Amino acid sequence: MIFDIVQAGDPVLRTPAQPVDVSVIGTPEFDRLIANMVETMHDAPGVGLAAPQIGLPLQLIVLQDTADDDEDADDPRMRSTVPLTVLINPNIEFPDDEMVTFYEGCLSVSGWAAMTPRHVRARVHALNQKGEEITLDWKGWPARILQHEIDHLNGTLYVDHMETRTFATTESLTGD
Ligand code: NI
């Protein structure tokens, strides 16, 4: 099932999400919700989806980027493949202050993008779909996705961090 993706202006995107009650983890209903979020993310298509984006104020995120690892080590995005990842009740911390700025968009700000500074490295503690504690130490593009999606759980959008004068339609950026 593909959910409608909530657009900027809906209060759910500006409201801190509630922690998932761990007793629901592993239930058929919760696994179905996750599967439907993954399907919605693939359909969009996008590389991450947070529950508030489907109108659900819960601390639940799905991520995946199947793009081939970039051959160019100088790629400013530092893009690389992100495996399918489910994060429940995540906490994020930053091991250092190094930042990188690149274009970023959001399925909830459809049709737009802007240069957005992010930490190069991010460390996330969360529960996975099975309720197991996991720690992710990611950098570059995958770390950007983590920061973007966890922002959604705090009622924050990339437009709050962006370099405002770079805000542009994706059409104008790609020339499509
Ligand atoms: Ni987003």
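Analyst: Along the sequence of this predicted model, the elements follow the order α-β-β-β-β-β-β-β-α-β-α, a total of 3 helices and 8 strands. The C-alpha trace extends over about 45 × 35 × 30 Å along its principal axes. The radius of gyration is 16 Å, which agrees with the value near 16 Å that a compact globule of 176 residues would have. Of contacts between residues at least 6 apart in sequence, 68% link residues at least 24 apart, and 44% of the 176 residues are buried.

Turning to the metal site, the nickel ion has as its protein donors Cys106 through SG, and His148 and His152 through NE2, at 2.1 to 2.3 Å. The spacing of these donor residues in sequence is C-x41-H-x3-H. His148 and His152 both belong to helix α2 (residues 141-153), and because they are 4 residues apart there, about one helical turn separates them. Both His148 and His152 are buried.

The donor Cys106 also has a place in the largest pocket, which holds about 710 Å³ of space. Its lining comprises 32 residues, and Cys106 is among those closest to the pocket centre, together with Val47, Glu104, Gly105 and Trp141. Helix α2 gives the largest share of this lining, 5 residues. Elements that each supply at least two lining residues are α1 (28-43), β4 (99-105), β5 (112-119), α2 and α3 (170-174). By class, the lining consists of 16 nonpolar, 10 polar and 6 charged residues.

Terms used. Residues numbered from 1 in each chain as written. Predicted model: local features only at pLDDT ≥ 70, side-chain atom pairs only at ≥ 80, totals over all residues. Heavy atoms only, no water. Donors = N, O, S within 2.8 Å, 3.2 Å for Na, K, Ca; no water. Buried < 20%, exposed > 50% of the residue type's maximum accessible area, 1.4 Å probe, protein only. 1 Å grid on protein atoms, 1.4 Å probe; cavity = no way out; pocket = protein on both sides within 12 Å on 5 of 7 lines; lining within 4 Å. Points joined across faces, edges and corners; volume = space filled by probe spheres on them. Nonpolar A, V, L, I, M, F, W, Y, C, P; charged D, E, K, R; others polar. Rg over C-alpha atoms; globule rule 2.2 N^0.38 Å. Contact = heavy atoms within 4.5 Å.
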